[in-house]
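Dear colleague,

I am handing over the structure below, and I would be glad if you kept it open while you read. My notes on what was found in it come after it.

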There are 2 protein chains.
Amino acid sequence: MRFSAGYFMEAAVEEALRAESEGSVPVGAVAVADNKIIAAAGNEVIRTSDPTAHAEILVIRRACAFFGSPVVEQCDIYVTLEPCPMCLEAIFLSRVRRLYFGARDTKRTRLEKSDDPGNRSFAGTEIIGGIMETRCGDILRNFFAKRRE
Amino acid sequence: MRFSAGYFMEAAVEEALRAESEGSVPVGAVAVADNKIIAAAGNEVIRTSDPTAHAEILVIRRACAFFGSPVVEQCDIYVTLEPCPMCLEAIFLSRVRRLYFGARDTKRTRLEKSDDPGNRSFAGTEIIGGIMETRCGDILRNFFAKRRE
């Protein structure tokens, strides 16, 4: 059977919740090739003191290691939050086929308002936003609400 | 004695040449804190099959590991080429104090023409371009000229 985008986003949500349980910001991602999850990651910035350890960067690095190539055109990435510019460029550099993201980054929503062509220099990647948007966003909102308590 | 920007850029050039000798694109970077080089890296994309293994990403990760923190406001980064959007955002995320770069990216020159505020969301970083520009650029031009032969 073919799995739906919601199925894979649910797996990304599980990675986000795992990241939270380890003290990190709850963002998760999975990489999918040929209808299978071949890599998964949650944010590890705080735990590993690495500012580049966003879920997307980690899942791309793991997917590339899986295929032994810096280019993974056969992969789709599912991530619970709209990628930041660092992760977006990494997605383009690795030539991911499709990017599915959940919650929108309401501070930037770069992907929907940007007309900066420099930001789409490797624009083979198709982008589909708002998958399970409320569920993905609630996890982050709850996390930051708890931190403010 | 205080070392000059040229001294540290020369160290970044050595990293670029080492990367080239290992079959990678010749871009190099060093991180400097308190007048000392505390981390160095060359591009490792091809050698490690990691599309995120740009010199800047690696040197930031190493500098953060050195200090045990995802934020290194005490660090300056020297890199032989104007950073791509991925590396630029990583520099902002890590709150590097100053970014010195060598050659300009003539395809984009984002840093000098961009007025996109999203790109400077962590704009504590001061940016100084064109340090040893010809030397840094020649290394890249020679590398790509040889690849076309």
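Predicted model: local features only at pLDDT ≥ 70, side-chain atom pairs only at ≥ 80, totals over all residues.

Residues are numbered from 1 along each chain as its sequence is written, chains are lettered from A and ligands numbered from 1 in the order in which they are written, and side-chain values use heavy atoms, with hydrogens and water left out.

To begin with the fold, chain A has six helices and five strands, where helices (H or I, at least four residues) and strands (E, at least two) are DSSP runs numbered from the N terminus. Read from the N terminus on, the elements of chain A follow the order α-β-β-α-α-β-α-β-α-β-α. Of the contacts in chain A between residues at least 6 apart in sequence, 58% join residues at least 24 apart, a contact being heavy atoms within 4.5 Å. Chain A has 149 residues, and 54% of them count as buried; buried means under 20% relative accessible area, exposed means over 50%, and partly exposed lies in between, with a 1.4 Å probe and protein chains only.

When residues up to four places away in sequence are not counted, B:V59 touches B:A29, B:V30, B:A31, B:A39, B:A40, B:A41 and B:I77.

A nonpolar patch on the surface is formed by A:M1, A:F3, A:Y7 and A:I37, which together have about 430 Å² of accessible area. Patches are made of residues with over 30% relative accessible area and no salt bridge, like charges being joined within 9 Å and nonpolar side chains (Val, Leu, Ile, Met, Phe, Trp, Tyr) within 5 Å. Within this group, A:Y7 is found in helix α1 (residues 5–21) of chain A, and A:Y7 counts as partly exposed because its relative accessibility is 41%.

How many disulfides are there over all chains? The count comes to zero, a disulfide being a pair of cysteine sulfur atoms within 2.5 Å. For B:C64, the nearest cysteine sulfur is that of B:C75, 7.5 Å away, and for B:C87 it is that of B:C84, 4.0 Å away. B:C64 counts as buried, because its relative accessibility is 0%. In the other chain, A:C87 has its place in helix α4 (residues 85–93) of chain A, and A:C87 is likewise buried at 0% relative accessibility. Leaving aside neighbours within four places in sequence, A:C87 is in contact with A:H54, A:E56 and A:I57.

Over all chains the structure holds 27 salt bridges, each being a side-chain nitrogen of Lys or Arg within 4 Å of a carboxyl oxygen of Asp or Glu. One of them joins A:R98 and A:E126, with the closest N and O atoms 2.9 Å apart. This pair links distant parts of the chain, since A:R98 is in strand β4 (residues 98–103) and A:E126 is in strand β5 (residues 126–128), 28 residues apart. Another joins A:D138 and A:R141 at 3.0 Å; these two are three residues apart in helix α6 (residues 133–148) of chain A, so they are separated by about one helical turn. In chain B, the side chains of B:E20 and B:K146 meet in a salt bridge of 3.5 Å, N to O. Because B:E20 lies in helix α1 (residues 5–21) and B:K146 in helix α6 (residues 133–148) of chain B, the pair ties together parts that are 126 residues apart in sequence. Finally, a network of salt bridges links A:E15, A:R18, A:E22, A:E44, A:R47 and A:R62.

Note on methods: Areas by Shrake-Rupley, 256 points an atom, 1.4 Å probe, with all protein chains shown as cover.
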